[in-house]
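Colleague: Hi, could we go through the aromatic rings and the surface of this one together?

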Amino acid sequence: MVSLDEKQQKKRRKGFSSQDMKEMLSGYLYISPFFIIFAIIGLYPAIFSLILAFQKWNGMGEMEFVGLNNFQVILSDPLFWKSVYNTVILGLMGTAPQLVIGLILAFLLNLSYLRFKAFFRVTIFMPYITSMVAVALVFSVFFSNNETALVNYIIGLFGFDPVSWKTSEWGAKIAISTMVFWRWLGYNTIIYLAGMQSIPNELYEASKIDGASIFQQLRYITIPLLKPFIILTVFFSTVGAMQLFTEPTVFLGNTAFSRDEAMTVVMYLYRDAFKLSSFGTASAAAIVLLLFIVVASAINMLLTKRLGRDRREA
């Protein structure tokens, strides 16, 4: 026979489990808007693009299954590989320097004897919150083909001839990469600065007693302890560089999609989709771009981890 105490315990367990169920459902209802919105504007477009990569579709009529033909078209297109080359070059020129200089600036901003720290931090971070279109328009004026443009005037003071920034191969790349560098430098600097402020000051004080210079502190203390932050910025910079679109589009203006000096992969797939109405090849290019991003991010993370390990061993 079941005693009275056992019956009461069963009732308590039953009531407790139903209460837990109510709380769990309540929690799921609170977070459901995020998953609903993500499914509509994130998951569904991704799945639809994956399906579309194997279809021939102009956006209006019926889809026609073509298998791997879209991938064969883009992989045999010289312009696609030119856009890949431009994306890699612009990524290296625009993002690699900002990571190094951002680390140095963060170290300087973290010095205890530096005055007006708040002013310098706000000033460095301002380009990041500035409208990208406004930045691109301003830089298009600075790097104008006119001989009296600001950059041409400055290089003219050193005896160099004016450069056709918007029509020459390397002129456009230098101008766009400078724009990318200027805008994202402050973002990476602030991330590094936040990481440096988590490093105990006792380590720097002990290194000073041992006679370590500022460069040695940066090399043997700051950089090894900033490894998670460096990996984070390398990952975000790699993804951002592979998705470069706004800067070259606004800088080159109406001729952005008719020339190949600075056409990136995103510009290539945008041209296929909305200029040529070839959504199948555009989706195929997007999938290939995703694979490039995954591979490039993995390589960068491996190199960053190996660099940090080598410095710790040194």
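Modeller: Happy to! A charge sits over a ring if NZ of Lys or CZ of Arg is within 6 Å of the ring centre and within 35 degrees of the ring normal. Lys173 does this over the face of Trp170, at 5.7 Å from the ring centre. This is a predicted model, so local features need pLDDT of at least 70, side-chain atom pairs count only at pLDDT 80 or more, and totals for chains, interfaces and linings use all residues. Residues are numbered from 1 along each chain as its sequence is written, and side-chain values use heavy atoms, leaving out hydrogens and water.

Colleague: Which ring does the charged end of Lys166 sit over?

Modeller: That of Phe251, 5.5 Å from its centre.

Colleague: How many aromatic pairs are there in the whole structure?

Modeller: The search finds 23. Rings of Phe, Tyr and Trp (its six-membered ring) pair if their centres lie within 6.5 Å; planes under 30 degrees apart are stacked, over 60 edge-to-face, the rest tilted.

Colleague: And how are Phe34 and Phe35 arranged?

Modeller: Edge-to-face, with 5.2 Å centre to centre and 75° between the planes.

Colleague: Is Phe34 buried or exposed?

Modeller: Phe34 is exposed, because its relative accessible area is 54% and the cut-off for exposed is over 50%, with buried under 20% and partly exposed in between (1.4 Å probe, protein chains only). Phe35, at 48%, is partly exposed.

Colleague: Which residues do ring pairs link into a cluster?

Modeller: Tyr44, Phe48, Trp57, Phe245, Phe257, Tyr270, Phe274 and Phe279.
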